[in-house]
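Keep the viewer open as you read.

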Amino acid sequence: MIKVHKLVKRFGLKPVLRGLDFEVKKGEFVGLIGPNGAGKTTFLRILSSLSRPSLGMVKVAGFHLPAQAAAVRNSLGVLSHQPLLYGDLTAEENLQFYGRLYGVTNLDSRISEVLDLVGLSARRRDLVRTYSRGMQQRLSIGRAVIHDPQLLLLDEPYTGLDQDAGAMLDTILKSVTSQGRTVVMTSHDLVRISDLASRFDVLSRGKIAASTQREDIPQDGLLGFYRHAIESKQESTKLEAANVK
Amino acid sequence: MSNEIKAHVRVSNQRPTFWRAVSAIVRKDLASERRSRELFSAMAMFALLVILIFNFALEMDAGTRASVTSGVLWVTFSFAGTLGLNRSMAVEKDRGCLDGLLLAPVDRSVIYFGKAIGNLLFMFVVEAFVLPIYTIFYNINVFHPGLILVIILGSIGYVALGTMLAAMVVQARTRDILLPIILFPVMLPLIIAAVKASSAFLQGLDMEFIWPSLNILISFDLIFIGLSYMLFDFVVEE
């Protein structure tokens with residue numbers, strides 16, 4: 001579903017992604033974890049065609065980026081910490097708008113289904129600006145799946161949610177991802193991500209530092225695996241720097 | 001909440017046609033504005049203030065009024081229009097919705113045309129609000145078919161270029177200041193031609209004096225609609 005080879009992204013002279021290789025098979029749920037500034041959001045923005053790679057090959061759902069960006073966008077849904085919703089429109093109108101942009105043909109029934117999925121049917125005609133942060137994020141999931149995408153990219157979806165809203169988001173995400181979708185999710189919340197993902201990749205200094213399947217997580221858990229990966233990466237970076245000197 | 005979807009609706013996506021996607025954006029902007037009235041109230045209030053300030057500041061006799069009418073009219077439209085252009089793109093950026101638009105599987109020029117048509121409609125509404133007030137304050141009948149044509153052509157050019165530049169500066173922190181600074185110099189040929197054509201129509205001059213200005217307006221519209229269509233993708237690219 002996703003193939004990335006030697007991906008480089010620079011902002012000016014500053015490299016953020018440094019020759020990143022990454023592959024996701026259809027139906028996999030990959031948790032992408034890493035410290036702040038590791039390049040997670042930049043990477044997801046490239047996968048979602050919002051940003052152009054500086055170098056390297058990126059293939060999503062069988063299409064090359066950035067050349068076939070429109071075809072890629074048709075097969076993916078994106079959820080970030082910003083809901084990408086219009087406050088002056090109702091939940092129903094927001095979904096109608098996005099559904100029309102994606103050319104969803106049976107839109108009315110799809111909107112009802114999606115609102116039911118995210119538990120907002122009763123408030124479908126309320127303005128989104130009257131929603132709590134948690135409700136907006138639930139509606140945002142509805143927006144992301146309105147066109148039934150094969151691939152979901154979730155960038156820090158739990159940011160700003162309280163425990164209850166987070167738990168509700170868990171339930172909805174499990175339901176959404178149980179329908180055979182491929183998912184790549186970034187999060188700092190290792191407890192939540194360990195509950196959802198089937199594979200975990202650690203992104204550090206613009207490269208995948210380590211990767212493991214859920215069943216191969218060492219005894220000290222995901223946190224231990226994460227710390228070990230980051231420390232190893234830091235040591236190898238120091239060694240590389242020393243060699244250069 | 002029912003998370004178990006008993007009958008999963010079969011979703012079939014057909015990439016929307018160009019104009020269907022454009023109309024989705026225009027309808028969204030109109031629905032949003034109908035609720036908030038942010039753009040209309042700001043633009044109309046600003047236009048009203050400009051008319052009042054010129055009316056009382058210049059203390060004009062009837063003859064002077066006739067000669068400065070078109071100039072004051074286009075200053076009013078330009079300043080009010082800038083407010084609208086700034087706001088319409090800022091709304092998308094501030095709520096993160098610009099990314100939502102950019103993620104849609106449509107040509108990026110769809111976004112340009114959707115926003116431009118929405119801006120043009122708002123501008124027409126404000127102009128329709130301004131013209132009767134103008135007629136009353138300046139005691140000049142501005143409901144002349146020729147003048148209406150100039151206003152339509154001038155507004156199309158203004159919005160065609162303005163929407164493009166507003167998208168260009170929307171990422172900047174100082175976008176409110178930046179837009180007028182880069183917009184007005186580029187807009188100068190359009191405003192001069194619009195003022196000349198408006199003035200000629202109000203003075204009842206022959207068409208041979210008006211055609212050069214009308215030609216500039218038509219050319220400006222076509223050039224900047226074409227340029228924006230080709231370049232918008234690069235403008236919104238990160």
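Predicted model: local features only at pLDDT ≥ 70, side-chain atom pairs only at ≥ 80, totals over all residues.

Because A:R125 sits in the loop between α4 (107–117) and α5 (133–145) of chain A, while A:E92 belongs to helix α3 (residues 91–101) of that chain, the pair ties together parts that are 33 residues apart in sequence.

Side chains of opposite charge can pair when their charged atoms come close. How many salt bridges does the rule count over all chains? The count comes to 19. One of them joins A:K174 and A:D195, at 3.0 Å from N to O. This pair links distant parts of the chain, with A:K174 in helix α6 (residues 163–177) of chain A and A:D195 in helix α7 (residues 190–196) of chain A, 21 residues apart. A:K174 is partly exposed at 39% relative accessibility, and A:D195 is partly exposed too, with a relative accessible area of 41%.

A:R199 and A:D201 form another salt bridge, and here the closest N and O atoms are 2.7 Å apart. Are these residues buried or exposed? Both A:R199 and A:D201 are buried. Over in chain B, salt bridges that share partners join B:K28, B:D29, B:E92 and B:K115 into one network.

Staying inside chain A for a moment, look at A:M185 in strand β8 (residues 182–186). A:M185 is buried, with a relative accessible area of 0%. Its contacts beyond four places in sequence include A:F29, A:V30, A:G31 and A:L32, as well as A:L173, A:I193 and A:L196. A:M185 also lies 5.9 Å from A:L153, C-alpha to C-alpha, although the two are 32 residues apart in sequence.

Now turn to where the chains meet. The size of an interface is often given as the accessible area lost when the parts come together. For chain B and chain A that area is about 4,100 Å², with 53% of it on carbon and sulfur atoms. In terms of residues, 40 from chain B are in contact with 47 from chain A. Two salt bridges are counted between the chains, and one of the salt bridges to look for is A:R45 with B:D99, where the closest N and O atoms are 3.0 Å apart. The rule also finds nine residue pairs in polar contact across this interface, both residues being at pLDDT 80 or more.

Which elements of chain B give two or more residues to the side that touches chain A? They are α1, α3 (62–94) and α4 (97–102). The largest share, nine residues, comes from α1(B). B:S32 lies in that helix, α1 (residues 18–36) of chain B, and touches A:D88 and A:L89. B:S32 is buried, with a relative accessible area of 9%.

Finally, let's visit the surface of chain B. B:I223, B:L227, B:Y229, B:M230, B:L231 and B:F234 make a nonpolar surface patch of about 610 Å². B:F234 is found in helix α8 (residues 207–236) of chain B, and counts as exposed because its relative accessibility is 58%.

Technical notes:
Residues numbered from 1 in each chain as written. Chains lettered and ligands numbered in written order. Heavy atoms only, no water. Patch = residues over 30% accessible without salt bridge, like charges linked within 9 Å, V, L, I, M, F, W, Y side chains within 5 Å. Areas by Shrake-Rupley, 256 points an atom, 1.4 Å probe, with all protein chains shown as cover. Salt bridge = Lys/Arg side-chain N within 4 Å of Asp/Glu carboxyl O. Helix = DSSP H or I, 4+ residues; strand = E, 2+ residues; numbered from the N terminus. Buried < 20%, exposed > 50% of the residue type's maximum accessible area, 1.4 Å probe, protein only. Contact = heavy atoms within 4.5 Å. Buried area = accessible area lost by both parts, 1.4 Å probe. Polar contact = N/O pair within 3.5 Å; in protein donor to acceptor, adjacent residues only side chain to side chain.
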